Amino acid sequence: MKHHTLMAAVALALTACGGHSGKAVADDASADSVATPAQTLIARLDSTVKSGHYYYGHHDDTAYGHTWKYVEGNSDVRAVTGQYPGLMSWDLGLIEVDSARNLDGVPFSFIAAEIAKQHARGGINAISWHPINPVSRGNSWDTSTSPLHAVASDAALSDTLDAWISRAATFISSLKDADGNPIPVIFRPWHENSGTWFWWGAGNATPEEYIALWKRTRSGFDAAGIDNVVWAYSPDKDLTREQYFSTYPGDEYVDILGTDIYHFDGENGVDQYVARIKSQLPFVIDEAAKRGKIAAFTETGLEGLEISDWYTRVLLPAIDDLPIAYVCVWRNAIESEKPNHFYAPYPGHPAEADFKKFHDTSKAVFVD
Ligand code: BMA
């Protein structure tokens, strides 16, 4: 029900802003007034926020769950709530080396097909990217070398990065709906850079080097004429406003101001988690409003959901009244590979009833 109310609000907002209808195109000779796919998605996220809702997101939602892998139509979130998450998140890790599957084994062809399905159901798609370290060839978490210190004086490394960005761009620009129209997506590269666990993070790159990487990425996409990308910036927790903006690429390069904050230490960590949200999301929201941007809670969750009413007792009160476009939790890895690595309950998990209650009573948007 609430989903339909929201869609009506979105349709209204799109009509009000000139939208993307064929008529608007035909009526106006100036190409400038035709919304790009990215602008259409931004307008939709904006109207979602204005209507007091936010999309509930889940990473790799339809690829696998706690007890299954690649079962057509399956979703742990849908199995528990009756609906798919309003936002699905996907990852491009290993696309840079032309792999057919991403770092978690999900085929890129599958991701493209699922993005189209999610778009067709009125949902949103967001894409992160965990590329390998271009110098050591270890994974994203390999901080043994610092490629970004070297790239300015290393032409080969610079070419490698450009080629990788171009592969990511090619994939994203290939995302089309059944009629061949481009599907707008949120792209959230180089995330959690304030932390020290990724090779593009704070321990391995100066703010200037990080910003240069972002601009390089953005120019690679822009040069290819890509207009279906909504750009999300998402540093990690425990930052002052000043620290948050110390690596900010600039308003002309970013559409969504996000943040990643996880809940650690179960029941003992509740207060700290809520405090972290309260000390960071409000200034992210405030700055987004001032800059005409969208705010979002780009990654969060409690691994293993040992608190069975986590969704309504911990997450919900912390965010339900905040003007954010979405909140996204991470993946439900299959039990045989990573036993306790899940962030949404699956059927039979003790948090099931509470998650259903979150679905039924919160302002979170799910889709059919
Ligand atoms: C991490 C874990 C890893 C995974 C990575 C990229 O948080 O889920 O198992 O490989 O994200 O999806």
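Which residues does Tyr311 touch, not counting residues up to four places away in sequence? In this predicted model, the list runs to Tyr56, Leu305, Leu316, Val329, Tyr343, Ala344, Pro345, Asp354, Phe355 and Phe358. Two of those names come back when we look at the core: Tyr56 and Phe358, like Tyr311 itself, are among the residues with the most contacts inside the largest nonpolar core, which has 88 residues. Leu92, Ile172, Phe221 and Phe297 are also in that group. Apart from this core lies another one, of 18 residues, and Leu41, Ile186, Ala232 and Ala296 are among its members.

Leu305 sits in the loop between strand S8 (294–300) and helix H11 (310–319). Its relative accessible area is 2%, so Leu305 is buried. Its backbone is worth a look too: phi is positive, about 40°, although Leu305 is not a glycine. Most residues other than glycine have a negative phi. Asp98 also has a positive phi, about 65° in this case, and again it is not a glycine. You'll find Asp98 in the loop between strand S3 (87–91) and helix H5 (108–120). Here the setting is exposed, because Asp98 has 58% relative accessibility.

Now over to strand S7 (residues 256–260), where Thr259 has its place. Thr259 counts as buried because its relative accessibility is 0%. What does its side chain do in there? A polar contact of 2.7 Å joins it to the side chain of Gln280, and a polar atom of the Thr259 side chain lies 3.3 Å from the backbone oxygen of Pro235. Leaving aside neighbours within four places in sequence, Thr259 is in contact with Ser234, Pro235, Asp236, Gln280, Leu281, Ala296, Phe297, Thr298 and Glu299. Two of these tie back to the cores: Phe297 belongs to the largest one, while Ala296 is in the core of 18 residues.

Around it you'll see Leu103, Asp104, His130, Trp141, Trp330, Arg331, Lys338 and His341. This shell divides into 3 nonpolar, 2 polar and 3 charged residues. Taken alone the ligand exposes 310 Å², and the protein buries 81% of that.

Note on methods. Residues numbered from 1 in each chain as written. Predicted model: local features only at pLDDT ≥ 70, side-chain atom pairs only at ≥ 80, totals over all residues. Heavy atoms only, no water. Near = heavy atom within 4 Å. Areas by Shrake-Rupley, 256 points an atom, 1.4 Å probe, with all protein chains shown as cover. Nonpolar A, V, L, I, M, F, W, Y, C, P; charged D, E, K, R; others polar. Core = buried A, V, L, I, M, F, W, Y, C linked by side-chain atoms within 4.5 Å. Buried < 20%, exposed > 50% of the residue type's maximum accessible area, 1.4 Å probe, protein only. Contact = heavy atoms within 4.5 Å. Helix = DSSP H or I, 4+ residues; strand = E, 2+ residues; numbered from the N terminus. Polar contact = N/O pair within 3.5 Å; in protein donor to acceptor, adjacent residues only side chain to side chain.
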